[in-house]
Amino acid sequence: MAVNNTYLLDFNAWIDETVCELRDRCWHEIDIEHLIDEVEDSGKWERRGITSQLVRLLLHLLKWQYQPQRRSDSWLDSITDARTQIDLTIEDSPSLKNYPAEQLQASYDRARQQAAKQTGLAIFTFPEECSYTIERVLNEDWLPEDEL
């Protein structure tokens, strides 16, 4: 019961306790149910992080393409950072290598909605289907310069 209270009241303390119990091989003291939940959730967070960065990346690529007069260093920084964050996550978890490709259209749909809101352009300005390949999207040297 105390371990569960720690989990509920001070998550970081619970992590420290669990790590100690694992290192000391105190199997009978480990809060197995919460540990399983946390391990499962950690995979979800990595996938969610990739998806979030992919949406941000696609949003700024759309803005870059459809509002060339408003291009800025901050958009370029956002594009570069999103690519870096995706790359770093995949370096840490190579099994997620294909995940960006699997999420491309769903992420594009979200980015398209956000692009319409942020730019004030009509939603139909942006194609329904993503016209960018995942290779281009993740390529640090590619921007949709003259593709209209």
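In this predicted model, the largest nonpolar core comprises 29 residues, and the members that touch the most others are Leu57, Leu58, Leu61, Leu62, Tyr132 and Val137. At least two residues of this core come from each of helix 3 (32-66), helix 4 (73-92), helix 5 (99-119) and helix 6 (134-138), with helix 3 giving the most, namely 10 residues.

**Leucine 62 in the core**
- Leu62 is among the residues that touch the most other members of the largest nonpolar core.
- When neighbours within four places in sequence are left aside, the contacts of leucine 62 are Gln67, Tyr108, Ala111, Arg112, Ala115, Phe126 and Tyr132.

**Packing of helix 3 and helix 5**
- The axes of helix 3 and helix 5 lie 7 Å apart, and the two helices pack at an angle of about 50°, which makes helix 3 oblique to helix 5.
- The crossing in which helix 3 passes helix 5 is right-handed.
- Sorted by class, the residues in the contact of helix 3 with helix 5 are 12 nonpolar, six polar and four charged.

**Threonine 6 in helix 1**
- Threonine 6 is part of helix 1, which spans residues 2-9.
- Because its relative accessible area is 17%, and buried means under 20%, threonine 6 counts as buried.
- Apart from neighbours within four places in sequence, threonine 6 is in contact with Phe11, Ala13, Trp14 and Glu17.

Methods. Residues are numbered from 1 along each chain as its sequence is written. This is a predicted model: local features need pLDDT of at least 70, side-chain atom pairs count only at pLDDT 80 or more; totals for chains, interfaces and linings use all residues. Side-chain values use heavy atoms; hydrogens and water are left out. A nonpolar core is a set of buried Ala, Val, Leu, Ile, Met, Phe, Trp, Tyr and Cys residues joined through side-chain atoms within 4.5 Å. Buried means under 20% relative accessible area, exposed over 50%, partly exposed in between (1.4 Å probe, protein chains only). Helices (H or I, at least four residues) and strands (E, at least two) are DSSP runs, numbered from the N terminus. Contact means heavy atoms within 4.5 Å. Axes are lines fitted to C-alpha atoms, for helices over the stretch in contact, and angles run from 0 to 180 degrees between N-to-C directions. Angles under 35 degrees count as roughly parallel, over 145 as roughly antiparallel, 65 to 115 as roughly perpendicular and the rest as oblique. A crossing is left-handed if the near helix is turned anticlockwise from the far one by less than a right angle, and right-handed if clockwise. Ala, Val, Leu, Ile, Met, Phe, Trp, Tyr, Cys and Pro count as nonpolar, Asp, Glu, Lys and Arg as charged, and the others, Gly among them, as polar.
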